[in-house]
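Take a walk through this model, from the overall fold down to single residues. Keep the viewer open as you read.

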Amino acid sequence: MDAFKLMKELRVNCEQEVHYLPKVTGLRAIESTAPGDSRISAKCRDAKVEDLWSLTSFFGYSTQTFVLAVNLLDRFLAMMKIQPKHLSCISLSCLHMAAKVTEKECNLTPADELIRIGQCRFTVSDLARMEKIVTEKLNFKSKAVTALTFLHLYHQITLSHCTDRKTTLNLEKLEAQLKACLCRISFSKAKPSVLALALLRQEIEAVQSEDMLEIASHIQRHLKIVDADLVLWSKCVAQCLSDYASPECSKPDHRKLQWIVSRRTAQSLHSYRSVPELPTIPEGCWDESESEDSCEDMMSSGEESLSSSLGSDAEGSFFPPHLRRQNQRQYLYA
């Protein structure tokens, strides 16, 4: 794609990104959830996104699938009042919906396998019913403008304009950094175009390319991104990646999930499929004027996340212990 078409596509996506943003009021309500509250907390959401990352890697799904799943999840959580026991069904529904859009049909994981590997205690019909609810509430069709959309466009534009062919940007590294950021709900409040540019500039500064830095500045001016927003999110990105690269945490390792498919565990998990269908799901939406009373039960599955069921240390750590790997920091710091 030539430079003119790239810049035009960039502008079109920038105009559309507002339609795919989670409601800020809903995100703030989640972040303000007090310990012991019956509703979804930021910690609970982040743990579930880590699970989605693990499952995405386990099934060989693309970064696009993961990012779209997180976008759907955040938009739905910011719109509806959800209790923690319903989160597994919602998140797995978002992953299944995203995979059906972005993955080839031959690579799709059957719904029953997705539920079994995800250690969830609901049925295929529950998953299908939840997908229908999410689709209707978000008016979801087949796509969303995400930070990954901009990251790919920025990468193409930078390479097409850069005269220094010796200096290149590693797209896989940028994608890994984006996934790390998306594991924190605070980044869901950033505009995708700004978050992607913050990641791009971070990497450009790391490779010390003045040529690319000028291209990034040109992109910023073209999209009319104000300096204050870019500086704010650049600091947040730098802090997140610093935490991510520390010895205490690393990105999820899908091989940690392989024990789930052992014969003994498979026989145990087989009983989950006999769970009776769940009652009709009433609806309740976030509203600024509403009190913080807990909503009615949507479902009664009572399942926990992968992180909690496998012994997640919910206090402070960026990734749960079963996902930590001391020596693997692939793609994140040269």
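How many helices and how many strands does the chain have? The chain has 14 helices and zero strands. This is a predicted model. Of the 334 residues in the chain, 51% are buried. Now take the contacts between residues at least 6 apart in sequence. Among these, 81% join residues at least 24 apart.

Start with how helices pack. Find α4, which spans residues 63-79. Its axis and that of α9 come within 11 Å. The two axes cross at roughly 20°. Angles under 35 degrees count as roughly parallel, so α4 is roughly parallel to α9. The crossing of α4 past α9 is left-handed. Which residues make this contact? From α4 come Thr63, Phe66, Val67 and Val70. From α9 come Glu175, Leu178, Lys179 and Leu182. Sorted by class, the contact of α4 with α9 has five nonpolar residues, one polar residue and two charged residues.

Helix α9 also packs against α12. Here the axes come within 10 Å and cross at roughly 95°. That angle falls in the range of 65 to 115 degrees, and α9 and α12 are therefore roughly perpendicular to each other. On the α9 side, the residues are Gln177, Ala180 and Cys181. They meet Val237, Cys240, Leu241 and Tyr244 in α12. By class, the contact of α9 with α12 has six nonpolar residues, one polar residue and no charged residues.

Turn next to the aromatic rings. A pair of aromatic rings is described by the distance of the centres and the angle of the planes. The structure holds five aromatic pairs. In one of them, Phe150 and Tyr154 have ring centres 6.0 Å apart and planes at 40°, so the pair is tilted. Where do these two residues sit in the chain? Phe150 and Tyr154 are both in helix α8, residues 147-161. They are four residues apart in that helix, which means a separation of about one helical turn. Are Phe150 and Tyr154 buried or exposed? Phe150 is buried, and Tyr154 is buried too.

The rings of Phe187 and Trp233 form another pair. Their centres are 5.9 Å apart and their planes stand at 45°, so this pair is tilted as well. Phe187 lies in the loop between α9 (171-182) and α10 (192-207). Trp233 lies in helix α12, residues 227-244. The pair therefore ties together parts that are 46 residues apart in sequence. Both Phe187 and Trp233 are buried. Elsewhere, Phe58, Phe59 and Tyr61 form one aromatic cluster.

At 10% relative accessibility, Asn13 counts as buried, because the cut-off for buried is under 20%. What does Asn13 touch, leaving aside its neighbours within four places in sequence? Asn13 is in contact with Val145, Thr149, Phe150 and Leu153. Phe150 is the residue whose ring pairs with that of Tyr154.

The other is Thr56, in helix α3, residues 42-58. Thr56 is buried, with a relative accessible area of 4%. Residues up to four places away in sequence are again not counted. Thr56 then touches Tyr61, Ser62, Phe66 and Leu95. Tyr61 belongs to the aromatic cluster, and Phe66 takes part in the contact of α4 with α9. Thr56 and Ala99 are 43 residues apart in sequence. In space, their C-alpha atoms are 9.2 Å apart.

Asn139 has a phi near 55°, a positive value in a residue other than glycine. Asn139 sits in the loop between α7 (124-138) and α8. Is Asn139 buried or exposed? Asn139 is exposed, with a relative accessible area of 55%. Lys224 also has a positive phi, about 60°, although it is not a glycine. The place of Lys224 is the loop between α11 (210-223) and α12. With 66% relative accessibility, Lys224 counts as exposed.

Key. Residues numbered from 1 in each chain as written. Predicted model: local features only at pLDDT ≥ 70, side-chain atom pairs only at ≥ 80, totals over all residues. Heavy atoms only, no water. Phe/Tyr/Trp six-rings, centres within 6.5 Å; stacked < 30°, edge-to-face > 60°. Buried < 20%, exposed > 50% of the residue type's maximum accessible area, 1.4 Å probe, protein only. Axes fitted to C-alpha atoms, helices over the stretch in contact; angles between N-to-C directions. Parallel < 35°, antiparallel > 145°, perpendicular 65-115°, else oblique. Left-handed = near helix turned anticlockwise from the far one by under 90°. Contact = heavy atoms within 4.5 Å. Nonpolar A, V, L, I, M, F, W, Y, C, P; charged D, E, K, R; others polar.
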